[in-house]
Amino acid sequence: MQQLQYYSCGSGGCGLLLQETIDDINIPKICHKLIDKNLNDLKIKFSGLIGLIKQGDRIFLYGQWIQIYTIPKEIKQINKVSKFSCGWQHCMILTDNGLFGMGSNKFNEFGHQVKQIFEEPQQLNFDYTKIYDIVCGFRQSFIIEEKFIYGVGQNKQNELNIINTKIVLEFTKINVQECIKKIKCGQKFTLALSYDNTLYGWGSNSFGQLCQESQFSILDKQELMKNIEDFDCGWSHHSILTKNRQVFICGRGDLGQQGDNKKQHNYKYQQIDIIATNVKCGSESTILINQDKQEIFVSGWNEHGNLGLGHNNNVYQFERIDKIKQIKTKGATMLLQK
Amino acid sequence: MSVYDEVEIEDMDFDSTTKIFYYPCPCGDRFQITLEQIKNRFDIAQCPSCSLQIRVIFDENSFELYSKQQ
């Protein structure tokens, strides 16, 4: 059986391309730093700045921490890793021995008392035995338990749905009655999916990223759509896939994020006439995946060649790329599996 | 001038040693503007890695406030 191989393209300056260079790449290139590794054993997550690789129960960092790591470096203080998540400049790691935060806590991203960037993992004061999942956002962190969710960090635009505070100092229960199974974050907004597959959102709506026509900020959880199969957030837009395979996008559109050739923000969901099995967003781009046909459709900001089309021009209408099995994208970086 | 976004100065990360304000750029690099530029009422922060720029929102007290930080 032929083994899958990772390819990368986009912004290379942070070392997230897993290549020998930190130059931008606009044609997907095989990830040199992952050659000879058993890719079936790897789990990779990254944001626009930092990345983590889980191999077995060990974890490695790469990307722009205090310094740039183009070669993944093991975080030796931590093992028996079960879950991990990358925010813009911070991460959380859950192990059999506790919950850890690492990276920037300058904006109280993971609720440590000291506001600085940590190169070493810091154990966080939370009952880790009941954690179902952990999620890091732009300058926030979330913990998902079976019945409750908790948040910490910046809340200026109500990113945490916790009233009357611009910054939440320690993990605090979020006012959501529904049981939440998945959370994803934009730059200043948050989406949460409940167990009955209803999508909710709160935070900034300045570009229509929360699908509301007349409100700048959403100060209480808003129901956005039922029957959700998949969803993802860009910085100021989001895309959804429903159970009956309809794709919708709303929010910022001036850089091609909507893929409709109009360069306009959409304050209501706009349906996209493309069949997809998954949806993904870069910071200012949208990628629709059709795993059945092994093709992806890309549109949006492409200044760093992050759409993998072999050029650096923005794309305003979805373009197809063939022979791609799966992708990961965040910021201006894309990791593809062929 | 067309800017990518507007950001309040309190949301920027201020390095009191270099006297430079930073804010994340969607490309992974950081928009930057100096305290001296703020003093001169220049309000455009540039990303060194791409074409995007942001407008920094500040008031007449901002320079004095941040110039005291060590």
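How much of residues 3-59 of chain B is helix and how much is strand, and how far apart are the end C-alpha atoms? That stretch is 9% helix and 44% strand, with its end C-alpha atoms 19 Å apart. Helices (H or I, at least four residues) and strands (E, at least two) are DSSP runs here, numbered from the N terminus.

A quick word on the ground rules. This is a predicted model, so local features need pLDDT of at least 70 and side-chain atom pairs count only at pLDDT 80 or more, while totals for chains, interfaces and linings use all residues. Residues are numbered from 1 along each chain as its sequence is written, and chains are lettered from A and ligands numbered from 1 in the order in which they are written.

**Confidence**

The model scores ipTM 0.94 and pTM 0.96. For chain B the mean pLDDT is 95, and 99% of its residues reach 70 or more; pLDDT is the predictor's confidence in each residue, from 0 to 100.

**Chain B**

Back to the stretch we opened with: UniProt, in an unreviewed entry, places "domain: DPH-type MB" at residues 3-59 of chain B. UniProt positions are given in the numbering used here, feature names are shortened, and annotations may be inferred rather than shown by experiment. Chain B as a whole has 2 helices and 6 strands, and along the sequence they come as β-β-β-β-α-β-β-α. Its radius of gyration is 11 Å, close to the 11 Å that the globule rule gives for 70 residues, so chain B is as compact as a globular protein of that length. The radius is taken over C-alpha atoms, and the rule is 2.2 Å times the number of residues to the power 0.38.

**Chain A**

Chain A has 0 helices and 28 strands. An unreviewed UniProt entry gives "domain: RCC1-like" for residues 72-327 of chain A. Over those residues the chain is 0% helix and 50% strand, and the end C-alpha atoms sit 20 Å apart.

| Chain | Rough box of the C-alpha atoms |
|---|---|
| Chain A | 50 × 45 × 35 Å |
| Chain B | 30 × 25 × 15 Å |

**Two sheets in chain A**

One open sheet of 4 strands in chain A runs in the order β7-β8-β9-β10, with antiparallel pairing. Two strands pair if DSSP finds at least two bridges between them. The edges are β7 (81-86) and β10 (117-123) of chain A, each pairing on one side only. The twist averages 10° from one strand to the next; the axes are lines fitted to C-alpha atoms, and angles run from 0 to 180 degrees between N-to-C directions. Inside this sheet, 6 bridges join β8 (residues 90-95) to β9 (residues 98-104) of chain A, and the two run antiparallel. L94(A) has L99(A) in β9(A) as its bridge partner.

Another open sheet of 4 strands in chain A has the order β11-β12-β13-β14, again with antiparallel pairing. Its edge strands, β11 (133-136) and β14 (167-173) of chain A, each have a single partner strand, so one side of each is left without a neighbour in the sheet. Neighbouring strands are turned by 10° against each other on average, direction ignored. Between β11(A) and β12 (residues 140-144) of chain A there are 4 bridges, and the strands run antiparallel. I134(A) has I143(A) in β12(A) as its bridge partner.

**Where the chains meet**

At the interface, 16 residues of chain A are in contact with 9 residues of chain B. The side of chain A that touches chain B divides into 6 nonpolar, 7 polar and 3 charged residues. Contact means C-beta atoms, placed from the backbone, within 7 Å. Ala, Val, Leu, Ile, Met, Phe, Trp, Tyr, Cys and Pro count as nonpolar, Asp, Glu, Lys and Arg as charged, and the others, Gly among them, as polar.

Notes. Contact = placed C-beta atoms within 7 Å.
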